[in-house]
Amino acid sequence: MRTDAPDPIAIDIGEVLQRSVTSLYSSLITRPTGRAVRMAIETQLRGAGTLSISLIDFSEVGIIDYSCADEVVAKLLKQYLADERRDALFVFRGVREPHRLQVEGVLQRQNLAAVAETAPSQFTLVGTFSDQERQVWDRLEVKKTICADAVDQIAPDRSGVMALESLVERGLVFRSSESGRVHALSQLVAHLM
Amino acid sequence: MDQSSIDEFLDEVVQYQGERLLFDARHLRWVDPNGMLGLLLAGSVAGETLGVRPQIELPDNPDVQGYLDRMGFYSHAQKVFECGADPSGIVPRASDVLLEITAINTNHDVHEIVDRVQGRAGAMLTSKLGYPSASVIPFSVMLSEVCQNIIEHAEGPGWVAAQAYNWAKRLGRFVIVISVMDCGRGFKGSLSDEHSARYGDRWSDSTALEAAFLHGLTRFADPGRGQGLQQIRKQVSKWSGLISARSGTARISQVPEWGDSLPMVDGMAPLPGAQISIILPAVVGP
């Protein structure tokens with residue numbers, strides 16, 4: 001594993017749902033259920049390294065409603081973005097058609113964005129982001145990773161550089177503080193899939 | 001008794017609050033989920049004021065009796081009314097019901113409702129309404145959110161019921177009717193502490209409904225809250241459906257082109273709780 005990359009963690013939401021909610025609920029619905037699942041994820045993350053990237057997998061979830069999506073996705077992101085340490089990054093897997101509307105809805109409501117796998121091995125930004133952010137993110141997604149001195153390949157002008165800074169700040173790409181190398185999050189979790 | 005007549009009926013019940021009431025349903029010839037939950041709500045309102053359960057005369061018509069039975073009305077009615085006749089002799093038939101009347105008291109109830117409705121909803125949405133099979137997910141999400149509304153905001157018990165009908169005369173196609181009613185504190189009661197000051201003299205049931213229904217206001221400071229109703233409205237609109245919510249003296253509606261409801265009706269009797277009705281029509285053929 002790269003030495004300048006965060007520790008990867010795979011979290012299967014279907015499994016967390018079964019484990020953290022006492023009844024045999026098959027759907028990710030209602031706010032208390034979402035809260036219980038988020039707390040279980042947070043507990044798991046507390047045991048991670050100083051910097052982690054989590055692959056949160058919705059593939060086995062039948063239904064997710066807006067209340068649950070808000071608790072599991074939006075609140076989780078918001079919490080870690082508000083933390084000065086910024087020690088956690090997230091990729092949401094299995095955000096297929098049945099879940100996408102709800103996940104996008106709760107992110108847009110709070111001007112948040114996330115990296116999501118919306119079709120097998122197809123990653124995209126969901127939520128709220130600018131055109132510039134989208135373009136820079138798409139270029140990095142194609143290149144997977146890029147050295148500090150080659151950043152102009154994905155952010156060729158001033159607005160691109162600002163967009164890249166914003167993507168780093170919003171936890172939508174990862175930049176190593178040691179090497180300055182920039183990574184697409186999908187690349188960092190590829191071996192977990 | 002359905003969406004079109006329920007307000008008049010409930011207003012009358014509020015007017016007679018404090019008096020011992022007999023609900024005479026003997027001549028009832030038609031009742032949909034709004035009518036059934038309206039009856040339960042009316043009985044609860046009347047009973048709560050007096051501390052004595054009101055009486056009900058059950059319908060004479062065997063078809064209506066059988067339908068009420070299939071919808072599970074009698075078991076709920078026995079908790080709300082003094083029933084004039086014992087309905088237990090009615091022979092239950094195989095249920096073609098989308099969602100029987102179900103009490104909502106906890107989040108566990110919401111899970112059960114969504115789990116139960118999925119299989120039936122899939123078949124009805126595709127065969128009766130012509131919706132794609134994947135629509136069972138947004139339908140379940142909508143049901144989940146509208147039921148949670150009771151737990152989160154009413155702070156009182158409520159009921160949900162849903163069924164498909166052929167609105168041959170009214171609309172020339174099938175519809176699914178979903179009704180959710182509670183006798184809790186209503187939209188105004190839920191929002192008052194946090195928002196009434198900003199509205200000043202304008203604060204009323206209608207402004208509270210507008211705030212929640214149109215603008216997603218909620219009593220919680222959390223910006224993630226208050227999106228349930230907004231998303232339900234969006235989904236209902238995608239399906240060209242009608243959604244309306246009554247709370248207290250007002251009713252607000254999002255009216256599709258086939259509907260004839262007014263967007264806002266005010267000045268009704270002060271009914272406790274909130275009553276939400278959703279009508280989803282079949283897609284119009286090519």
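These legends walk you through close-up views of a predicted model. Local features need pLDDT of at least 70 and side-chain atom pairs pLDDT 80 or more, while totals for chains, interfaces and linings use all residues; side-chain values use heavy atoms, without hydrogens and water. Residues are numbered from 1 along each chain as its sequence is written, with chains lettered from A in the order in which they are written.

**View 1. Chain A meets chain B.** Here 26 residues of chain A and 25 residues of chain B are in contact (heavy atoms within 4.5 Å). Together the two chains bury about 2000 Å² (accessible area, 1.4 Å probe, lost on being put together and summed over both), and carbon and sulfur atoms account for 53% of it.

**View 2. A salt bridge joins K75(A) and D222(B).** Their side chains meet at 2.6 Å, N to O (the rule asks for a side-chain nitrogen of Lys or Arg within 4 Å of a carboxyl oxygen of Asp or Glu). The count between chain A and chain B is one such bridge.

**View 3. The chain A side of the contact.** The elements giving two or more residues to this side are α2 (31-46), α3 (66-82) and α4 (97-109) of chain A (DSSP runs: helices, H or I, of at least four residues; strands, E, of at least two; numbered from the N terminus). The largest share, six residues, belongs to α4(A).

**View 4. The largest cavity.** Its volume is about 370 Å³ (on a 1 Å grid over the protein atoms alone, a cavity is a set of points where a 1.4 Å probe fits but cannot get out; the volume is the space filled by probe spheres set on the points). Among its 29 lining residues (an atom within 4 Å of a point), N149(B), E152(B), H153(B), G226(B) and L229(B) are the closest to the centre. Helix α6(B) supplies the largest share of the lining, eight residues.

Technical notes:
1 Å grid on protein atoms, 1.4 Å probe; cavity = no way out; pocket = protein on both sides within 12 Å on 5 of 7 lines; lining within 4 Å.
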